[in-house]
Amino acid sequence: MEKTLLRFVWVHSRPDQILIVLASLVSFPLILASLYVPKIIVNDALRGTEFPQTFLWLRLEQIEFLLALCGSLLLLILLNNAVKYYINIQKGLTGERLLRRVRFTVFERVTRMPLSRLRATSPGEVVQVLAAEVEPIGGFSGAVIATPVYQGGQLLVYVGFIIAQDPVLGLAAIILFPVQAYVIPKIQRVVIGLNRSRIRNTREMTSEISETVQGAEAMRLSGARAWHLARMSDRLYTNFRIRYRIFVLKFAIKFANNVINHITPFFFYGFGGYLVIEGRMDLGALVAILAAYKDIAAPWRELLTYYQSYSDISTRYEAVVESYGADRIADLPQPLTLRGETIVLERVTSDVPRDSGGVEGVSLALRPGSRVLIAGAEDGGRAILMRLLAGAVDVAAGEVRVGGETGRDLLTRGSAEIAFVSRTPHILTGTIRENVAYSLLGTEPNGAPPPDHAAREREARITGAPPEDPHLDWVDYPRIGIEGPEAFDHRVIEVMEAVGLLREVFARGLSTRIDTAANPEIARAALDARAVVREERAAMGLDDMVEHWAPDGYLENASVAENLFFGVPDKPLARNPGLAGLPQVRRALAQAGIEMELAEIGLETAETLQDLLGALGRDTTLIDQLGLVQQAEMEEFARIIPIARRRGVRRLGRADRERLVALAFQLVPLRHRLGVLDAPERRARLIAARARLAGTALPAFTRFDSDGYIPGLPVIENILQGRPRLDRRDAIPPIEARLEEAMRAHDLHDFVIAAGLRTDVGLSGSTLSPSQKRRLALARAITASPALLLLDGVADETGEAHVTLRTAIARLLPEATVVFGSMNEALVPEMDDVIRIANGRVAETAGSDPDASASPGPDTEASPDPEPDAAPEPRSATA
Amino acid sequence: MTLSRESEILGRSPLFRGVDPAQLRLLALMAENRTFHRGEALMVQGEDGNAALVILSGEAEVLLRVDGIETQVARIGPTEIVGEMALLSDARRSATVRALETVQVLRLDRATLLRLLREFPGMSLELLRVMAGRLERTTQELARARADLAARTAAG
């Protein structure tokens, strides 16, 4: 990054700045001309006597001459403002581009920081710098060259014009400028200093407040309240003093400016008037001088402000450069291949100290294709050693050897061929497929960007940011020898099956809604599956688990709206509450004679909810979780309920009744169990209304008895022609598993899995269990086909599930070196080498292979530690 | 089954005995119904659990599998709660529960319960009291079992 703001601006926006300066130069003659025209109007057109006058090439009488001059003035004003507009836009544009560049540069630098430094950087600080601190740079830097040129030039034009009219008056106009130029920045500097101490004071006050609140218990118990109050009072006094002085000074500056600006016209009227009366100056010139002087104030003020902001903003810029500037941030490391090489650590010490879980003087060798157990407690050095092997913790002392190379950063350089899974892996907020493909992202996307990407791309190039479209497919398929997306899908499915996530993916695929217009083949496949399931329904044991769309029965797992209209809108957004707002729905409900009953159901629901919450005696957002109403809506219902009780739902306002109907629409008997839908007569009336409503024309709506795909329903309900019963969701095997088995038998399951891979996992994988997160991270690791796979506390249990995982890893990655970090001694027989770590040192190295002598033997430096828990406990065979 | 009936049964279960009736109704509303038929498992030993089940009707057996052999260790019925450890920790299911007839349960998942506990600290204390009581009992049983084992080893 450039060291100073000026340099940064000049290097990255030279053409733009030159353009702005040129435009400023163009505007000066326009300004000058617009000053002269009024003078000519007064002297020649109003008070002139010799007509006709020559204007350009025309000869004009007095009135025409006046009009022509006024027209010229208008034109000049328009031109001048057009140039101003252009300059402002150009300044803004340049500034925004520079801001984007600063932000991107800082972000890019943060992503390149050494991990050790990144760990010490608080995310809040980066956010603060990127979001707030650099923001004013954008507004200012576009004008950093233009402002002095434009405003200074304007000032010169005005002053020059006045001097040309009368040198004495001209001098009078500017005689006080030096005073202002000297005094005001001086005061301003004091204000800036005060502002700094105000910020400091506020920060101190914030921490004082939070400390007091956190320690409130101790404060009360110790009876120290009075002292805390005095401290706070003292801080507030300081705060008050600073703020008081700031505004006193601010108004002092304002006062000085105002007085000086208004004193000058005193000279003009007095001395100028005298000159006019004496006949030594014409009136037109005086009028023009007064007009010009009025305009001087603005550029002069701008120049003063510019001077003030320049120091502020270039300080900000330099602060950013200091933290994220060039020299201290390393270049990206040169990649290194680990495949087929033995990785040797020789007396390696981590840059995390031993008493913080780091390792010291560790020597070990990982032979290609071997399985190694690093046994020990997580915080006894194992976790850090695993991370060090992954290249995520730096080597502070000792050396790493791979092939012919020696160095401390070899593992960092090999990161493309290393995969690491910890117990709490990082899961992206994105789809399952994106998560699996995460470690295979290339440096540029496949395929061409969409046509509307061109503007984005041009802008990116101007500001030094990457122009690639992040929405394209970034997976580097050739890296793992795969042709393209479809082949990759197959590979992912294979891996997901191996890590035991396929069923979850399948279940997710079943519960998604599919855009049938974009994916007609999925709809077709779902209809094929529907036919199969219809045949085998009984054999699959589904009869009791699914509520089928029975045209003349009340659907317990469906909402009232679904029961009435026997179908769903194609877009989920148009669902129940949205439906209630449609005019044709309202008309149809009234015609079917069910509207009042629905309002009544809504009213009873609202009352029950109110009772339930009211009994708790306070506001609670718990109700939101029910998905029926939001806490905020309850207030509306609290208003409606008494009115409805007094006057009956029939006489409610239309909007209120609609609200009740919308609430009723959402009720699902098995889910909400409020009892309002329990009466058989009520259900019978709703079913009767269903028949009467059958003819209602609704926009983008599909009925349950449609033969085709129903876009508003998830895949599973399309296949089942019904809805899984809410109360049978925990049946074993679950309905999804039964479907998978049946569909797999007919080879109809792939489309569901493909859809499942494209479902979102929520914010950082919030919809996944911890074990599923680990399995997903493991799938990511395996898919990348690394040379070295590091598993810390993952797939290391003795149970059948984890044995299967280990077998799968061996099958899918036959040539990889696999390192398990674990406390589980039962893994020892499966391993080629075992390295025991205790208290940050190697306690024992054991290999089943005699050739392992190439690796360093038991570490002579590792003295037996005095702590009793250091040594691994021998497990008795009877345990 | 109506909400009031459900909350009444909840209120008779040991875990929620001291909880205010209004809060119980809310708890019941937040919970979900589940039905299991004879022979179906309510939960399986060793699997991840994230919900507790309160039995509303029907009878189930608790089975413990040791070395591949399942043994019935208890029979449970209405108002009894199973899988409550899952409410507070990530623990796996410690036993299998199988329905002996059609069993209806209320399913309380961890997220919901935690929210309720946050909103009603009184409920947390009640839960803590019950859990502490159980721990106490378990500790005593463990001590007895150890003494037993020691006596038998000495004798054998």
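The following dialogue sets several computed values beside the definitions that they are judged by.

Tutor: This is a predicted model, in which local features need a pLDDT of at least 70 and side-chain atom pairs count only at pLDDT 80 or more, while totals for chains, interfaces and linings use all residues. Residues are numbered from 1 along each chain, chains are lettered from A and ligands numbered from 1 in written order, and side-chain values use heavy atoms, without hydrogens and water.

Student: What makes the rings of A:Phe140 and A:Tyr310 a tilted pair?

Tutor: Rings of Phe, Tyr and Trp (its six-membered ring) pair if their centres lie within 6.5 Å; planes under 30 degrees apart are stacked, over 60 edge-to-face, and the rest tilted. By this rule there are 16 aromatic pairs over all chains. The centres of A:Phe140 and A:Tyr310 are 6.2 Å apart and their planes stand at 50 degrees, so the pair is tilted. The two residues are 170 residues apart, with A:Phe140 in helix 5 and A:Tyr310 in helix 11 of chain A; helices (H or I, at least four residues) and strands (E, at least two) are DSSP runs, numbered from the N terminus.

Student: Why is A:Phe140 called buried?

Tutor: Buried means under 20% relative accessible area, exposed over 50%, and partly exposed in between (1.4 Å probe, protein chains only). A:Phe140 has 9% relative accessibility and therefore counts as buried. A:Tyr310, at 25%, counts as partly exposed.

Student: Which class does the pair of A:Tyr237 and A:Phe240 belong to?

Tutor: This pair is also tilted, with 6.2 Å from centre to centre and 40 degrees between the planes. Both residues lie in helix 10 of chain A, three residues apart, about one turn of the helix. A:Tyr237 is partly exposed because its relative accessibility is 48%, and A:Phe240 is partly exposed at 49%. Both belong to one aromatic cluster, together with A:Tyr244, A:Phe247 and A:Phe251.

Student: How do you know that strand 4 of chain A is mostly covered?

Tutor: Five of its five residues are buried. A:Val362, A:Leu364 and A:Leu366 are on one side of strand 4, and A:Ser363 and A:Ala365 on the other. In a regular strand the side chains alternate between the two faces of the sheet.

Student: What makes strand 3 and strand 4 of chain A a pair?

Tutor: Two strands pair if DSSP finds at least two bridges between them. Strands 3 and 4 of chain A have four bridges, in the antiparallel sense, and A:Leu345 has A:Leu364 as its bridge partner.
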